[in-house]
Amino acid sequence: MGADQLGIAIVGGGFMATVHSRAARAARARLVGVASSTPEKAATAADALGIATAYASLDALLDDDAVDVVHVTTPNALHAEQTIAALAAGKHVVCEKPLATTVADAERMVGAIGTNIATVPFVYRFHPMVREARARFRDGTAGTVLSIHGSYLQDWLLGADDDNWRVDTDQGGRSRAFADIGSHLVDLVEFVSGDRVARVATTKKTVFADRAAHHGITTEDAVAVVLETVSGAIGTLLVSQVAPGRKNRLHLEIAGSAESVAFDQEHPETLWVGRRGGSLLIPRDADQLHDDAARLCVVPAGHPQGYQDAFNAFVADTYAAIGGDTPDGLPQFADGLRAVRVTDAVIDAAESGSWIEIEKGSRS
Ligand code: SOE
């Protein structure tokens with residue numbers, strides 16, 4: 001079934017619903033309808049997204065045979081129930097990250113997949129220069145992984161008046177900054193390096209216990225992680241949503257025994273490659289890239305690609321998988337579960353003050 005035969009429905013009406021709808025349209029799929037927390041909010045979202053049908057409920061959406069794929073873009077605590085219902089109704093699912101607020105819920109979601117396609121938008125994997133970085137570790141050019149240094153910094157929650165459902169444990173889960181954006185970072189660490197986080201030690205900070213609408217907040221504004229990988233590499237991650245001037249600055253540098261690679265999501269058109277005998281900045285020029293990176297170049301070098309292009313590529317690969325293809329690097333529910341496991345360990349490590357082991361590593 002080609003993407004142009006797929007009927008798409010979206011659950012939720014916020015910023016991410018808009019991003020998902022643009023990507024579905026770019027894939028030439030049919031946007032059939034929207035459901036939200038109330039019929040009125042569904043109608044507002046349908047109008048804003050230019051989609052014909054506003055469903056009275058999720059059940060009404062799932063009863064619609066015209067819907068083949070459900071994009072779940074609601075608050076984290078709703079993902080498990082809504083996704084499992086959609087899978088049970090025979091729908092394919094794209095569920096926003098974090099996949100769930102607990103490992104148990106994420107495991108239930110993985111268990112409910114059956115023969116459906118179920119993906120999670122770790123979309124930074126779809127920047128071509130991320131694929132180039134990954135290719136240099138996969139083919140041995142960069143050597144073995146020695147150290148990892150990553151950060152993901154934002155400032156949209158810098159003020160006490162800044163508020164969002166994510167700060168609320170009941171809607172977002174026990175972790176906020178790491179679950180929300182650290183999940184992207186740790187996914188990218190493992191995706192690019194080909195290594196896996198074995199154990200973590202953490203410290204975290206909640207700057208505002210009281211915000212405009214939420215009080216007694218315990219979820220973290222910032223979190224610092226020391227990690228060791230299964231292969232024995234070491235690393236540090238800093239994740240903060242209270243870093244003035246940083247809007248969506250995901251930065252990852254991995255040192256291999258032959259080359260370092262560094263990627264900055266706010267400047268995705270180049271990849272820094274560091275060598276003892278001199279370093280270079282590789283441009284996003286399909287002719288100079290590994291095949292898996294070149295395939296994601298949709299405009300020539302010098303015409304910058306960005307976040308929505310990466311999202312579009314993720315959705316296009318999801319729909320291709322529904323059509324029977326096996327696109328390389330597609331983040332599926334198992335990857336979403338992985339990120340939830342690491343997030344859980346990060347918070348456990350902060351609360352215990354001890355290293356938390358996720359899996360056996362060469363140093364543990
Ligand atoms: C807010 O932190 C947010 O929209 C995240 O939820 C997204 O996953 C990230 O890509 C951009 O920032």
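Mentor: Let's take Arg174, which comes out partly exposed at 29% relative accessibility (under 20% is buried, over 50% exposed, in between partly exposed, with a 1.4 Å probe and protein chains only). Keep in mind that this is a predicted model, where local features need pLDDT of at least 70 and side-chain atom pairs 80 or more, while totals for chains, interfaces and linings use all residues. Residues are numbered from 1 along each chain as its sequence is written, and side-chain values use heavy atoms, with hydrogens and water left out.

Now for the partner. Arg174 forms a salt bridge with Glu351, at 2.9 Å from N to O (the rule is a side-chain nitrogen of Lys or Arg within 4 Å of a carboxyl oxygen of Asp or Glu). This pair joins distant parts of the chain, 177 residues apart: Arg174 sits in the loop between α7 (169-172) and α8, and Glu351 in helix α11 (helices are DSSP runs of H or I with at least four residues, numbered from the N terminus). Glu351 itself is exposed, at 55% relative accessible area.

α8 (residues 177-193) packs against α11 (residues 333-352) with the axes 9 Å apart and an angle of about 115°; axes are lines fitted to C-alpha atoms over the stretch in contact, and angles run from 0 to 180 degrees between N-to-C directions. That angle is why α8 counts as roughly perpendicular to α11 (65 to 115 degrees; under 35 is roughly parallel, over 145 roughly antiparallel, the rest oblique). On the α8 side, the contact uses Phe178, Ala179, Ser183, Val186, Asp187 and Glu190, and α11 answers with Asp335, Arg338, Ala339, Val342, Thr343 and Val346; contact here is heavy atoms within 4.5 Å. Sorted by class, these residues are six nonpolar, two polar and four charged.

Arg134 and Asp292 meet at 3.3 Å, N to O, and since Arg134 is in helix α6 (residues 128-138) and Asp292 in helix α9 (residues 291-294), the bridge ties together parts 158 residues apart in sequence. Both of these residues are buried. They also belong to a salt-bridge network with Arg131, Arg138, Arg295, Asp317 and Asp328.

A local case is Arg108 with Asp105, at 2.9 Å between the closest N and O atoms. Both lie in helix α5 (residues 103-111), three residues apart, about one turn, and Arg108 is partly exposed at 47%.

Technical notes:
Helices (H or I, at least four residues) and strands (E, at least two) are DSSP runs, numbered from the N terminus. Ala, Val, Leu, Ile, Met, Phe, Trp, Tyr, Cys and Pro count as nonpolar, Asp, Glu, Lys and Arg as charged, and the others, Gly among them, as polar.
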